[in-house]
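Welcome! Here is a short briefing to read alongside the sequence and the model.

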Amino acid sequence: MAVSSGFTGAKLENLLLLCNGSPSPSSSSSSSRASLSFPSQIGLPRRRSLAQRGASIGVGFGRVVRCEVAASDVVSESPKIDTSNISALEQLKTSAADRYTKERSSIVVIGLSVHTTPVEMREKLAIPEAEWPRAIGELCSLNHIEEAAVLSTCNRMEIYVVALSQHRGVKEVTEWMSKTSGIPVSELCQHQFLLYNGDATQHLFEVSAGLDSLVLGEGQILAQVKQVVKVGQGVVGFGRNISGLFKHAITLGKRVRTETNIASGAVSVSSAAVELALMKIPESSHATARMVVIGAGKMGKLVIKHLVAKGCTKMVVVNRSEEKVAVIREEMKGVDIIYKPLTEMLKCAGEADVIFTSTASETPLFLKEHVETLPPVGSEVGGMRLFVDISVPRNVGSCVADVSTARVYNVDDLKEVVAANKEDRLRKAMEAQSIIAEESKQFEAWRDSLETVPTIKKLRAYAERIRVAELEKCLSKMGDDIPKKTRRAVDDLSRGIVNKLLHGPMQHLRCDETDGRTLSETLENMHALNRMFSLETEISILEQKIRAKVEQIQK
């Protein structure tokens with residue numbers, strides 16, 4: 001469905017001019033430009049049930065919704081507004097922009113994962129953790145994006161946003177991804193998936209629980225979700241909705257791992273990498289195969305731990321400095337861990353049967369010309385040198401696969417490791433899905449409760465203004481020589497009366513399912529209070545949204 005509205009992407013700087021009473025010259029001009037178009041059957045997609053998805057559960061639970069670019073789809077013309085008769089805010093309210101006050105902003109995830117996107121594209125899209133705050137700032141400077149978060153790992157690149165307009169928000173984020181990665185929008189749309197509101201929430205919960213990972217229940221993704229919250233703290237744009245969503249996802253991920261047996265067996269990319277390597281060499285050589293691990297960071301350390309768990313007692317670790325290797329050696333007493341600097345990497349590779357790479361290098365460490373000159377490996381390990389590359393961007397160039405004496409495996413090849421226990425994974429996932437459904441309901445109830453927050457604040461402020469005014473009248477009639485104790489007693493009395501009177505309305509504005517009240521009833525109560533006390537919440541929300549966006553742009 002084509003993106004079309006009367007708001008026509010008017011710049012929010014112009015909205016500020018409108019709010020100040022100065023109409024923008026461009027506000028009445030028509031706009032005609034290409035926009036993202038979505039197949040009509042997608043609409044607001046509903047997730048398939050787990051039973052329906054069971055047949056395709058092999059490597060994850062994600063459901064792909066792709067978008068297409070249609071140059072023929074254009075944005076409809078803006079309605080012209082007579083600025084001489086009504087105020088600037090009323091112009092906005094009576095224009096097509098009014099939908100932003102009547103419809104709650106949407107949570108949207110625009111993502112590309114190992115299930116939908118080749119590693120060549122994911123490595124171009126990858127955003128280092130240090131760049132997440134900058135990315136959040138840039139995303140929130142887009143016209144229709146209020147909040148944002150970035151989840152970038154070796155297996156996925158997902159952007160979560162709170163969007164004023166679903167389709168315009170998706171269009172802006174996709175164009176931003178294209179600009180930062182250099183990948184054309186049309187190519188991105190062939191691989192990316194889009195999920196909205198409840199579906200987006202369920203997806204992040206499945207990701208946090210490890211249900212969308214190559215290795216079911218792997219613990220690394222939960223740590224990565226935690227890191228999103230840690231990095232986002234204090235970043236403008238990592239707002240209440242997105243922050244609440246990720247914090248709830250962390251709670252959910254912990255609960256799933258505690259209440260199910262989902263974390264048993266190979267539960268991380270690094271453990272799957274070790275299992276894959278051992279699958280590819282004869283079992284008789286497992287204890288004697290020469291192992292080299294390049295990189296002693298988090299992933300490299302986990303590879304070492306899993307090698308030790310599989311019975312490997314000697315290995316070479318190549319790293320930029322010896323400090324991290326020394327720490328690992330201290331933790332794993334009884335294991336012969338030999339440190340070598342990066343300058344000796346090729347020499348170490350020539351003396352190894354299996355090479356694991358897990359560095360943050362943005363360029364390949366091994367190319368065809370490097371590998372084809374290495375001495376051959378013995379027949380006892382199959383006569384093939386194995387490169388297991390778990391880095392994104394990749395440390396081993398794809399050209400190495402052309403060398404007849406080498407075999408290269410990357411994160412996409414780990415699917416082979418997880419294919420064995422499909423039935424067991426499905427059973428554990430079914431248990432996890434019931435927890436996800438429960439937690440999703442709780443999160444939606446929390447988010448629904450936010451709808452009434454502006455009304456609650458305005459009602460309290462309204463009551464406080466009346467209380468203070470009446471208190472001053474009373475005290476003025478009592479004279480200037482009133483004892484402080486009496487003044488305090490009268491003030492406490494007025495506060496007590498107001499709090500007692502507000503208790504009932506406030507209870508009916510809360511929707512936490514403790515008293516059986518539905519969301520629709522709560523919203524009816526909110527609208528009734530707005531009318532009775534002329535709280536004008538809708539105008540306030542519109543004004544807040546406009547000013548918040550303008551402040552972000554100005555910063």
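Is C348 buried or exposed? C348 is buried, because its relative accessible area is 6%, and buried means under 20% relative accessible area, exposed means over 50%, and partly exposed lies in between (1.4 Å probe, protein chains only). This is a predicted model, in which local features need pLDDT of at least 70 and side-chain atom pairs count only at pLDDT 80 or more, while totals for chains, interfaces and linings use all residues. Residues are numbered from 1 along each chain as its sequence is written, and side-chain values use heavy atoms, with hydrogens and water left out.

**The chain as a whole**

- The chain holds 22 helices and 12 strands; helices (H or I, at least four residues) and strands (E, at least two) are DSSP runs, numbered from the N terminus.
- Of the 555 residues in the chain, 51% are buried.
- Among contacts in the chain with a separation of 6 or more, 75% join residues 24 or more positions apart; contact here means heavy atoms within 4.5 Å.

**Cysteines**

- A disulfide is a covalent bond between the sulfur atoms of two cysteines.
- The rule used here asks for a pair of cysteine sulfur atoms within 2.5 Å, and by this rule the count is zero disulfides.
- C474 counts as partly exposed, with 33% relative accessibility.

- Two packed helices are described by the angle between their axes and the distance between the axes.
- Axes are lines fitted to C-alpha atoms, for helices over the stretch in contact, and angles run from 0 to 180 degrees between N-to-C directions.
- The axes of helix α9 (residues 198–209) and helix α11 (residues 240–259) cross at roughly 45° and come within 8 Å.
- α9 and α11 are therefore oblique to each other; angles under 35 degrees count as roughly parallel, over 145 as roughly antiparallel, 65 to 115 as roughly perpendicular, and the rest as oblique.
- The crossing of α9 past α11 is right-handed; a crossing is left-handed if the near helix is turned anticlockwise from the far one by less than a right angle, and right-handed if clockwise.
- On the α9 side, T201, L204, F205, S208 and A209 meet residues of α11 that include L245, F246, H248 and A249.
- The contact of α9 with α11 has nine nonpolar, four polar and one charged residues; Ala, Val, Leu, Ile, Met, Phe, Trp, Tyr, Cys and Pro count as nonpolar, Asp, Glu, Lys and Arg as charged, and the others, Gly among them, as polar.

**How helices pack: α10 with α11**

- Helix α10 (residues 220–232) packs with α11 at an angle of about 155°, and their axes are 9 Å apart.
- That angle makes α10 roughly antiparallel to α11.
- α10 passes α11 in a left-handed crossing.
- In α10, I221, L222, V225, K226, V228 and V229 meet F246, K247, A249, I250, G253, K254 and R257 in α11.
- By class, eight nonpolar, one polar and four charged residues form the contact of α10 with α11.

**How helices pack: α6 with α7**

- Helix α6 (residues 132–140) and helix α7 (residues 166–181) have axes that come within 10 Å and cross at roughly 135°.
- That makes α6 oblique to α7.
- A135, E138 and L139 of α6 make the contact with V173, W176 and T180 of α7.
- Four of the residues in the contact of α6 with α7 are nonpolar, one is polar and one is charged.

**Backbone details**

- Most residues other than glycine have a negative phi, and most peptide bonds are trans.
- N197 has a positive phi of about 50° although it is not a glycine, and N197 sits in the loop between β6 (193–196) and α9.
- The peptide bond from V392 to P393 is cis, with omega near 0°, and P393 is found in the loop between β11 (385–389) and β12 (406–409).

- P341 belongs to strand β9 (residues 336–341) and is partly exposed, with a relative accessible area of 23%.
- Leaving out residues up to four places away in sequence, P341 touches V318 and N319.
- L342 lies in the loop between β9 and α15 (345–350) and counts as partly exposed at 31% relative accessibility.
- Beyond its neighbours within four places in sequence, L342 is in contact with I294, V318, N319 and R320.
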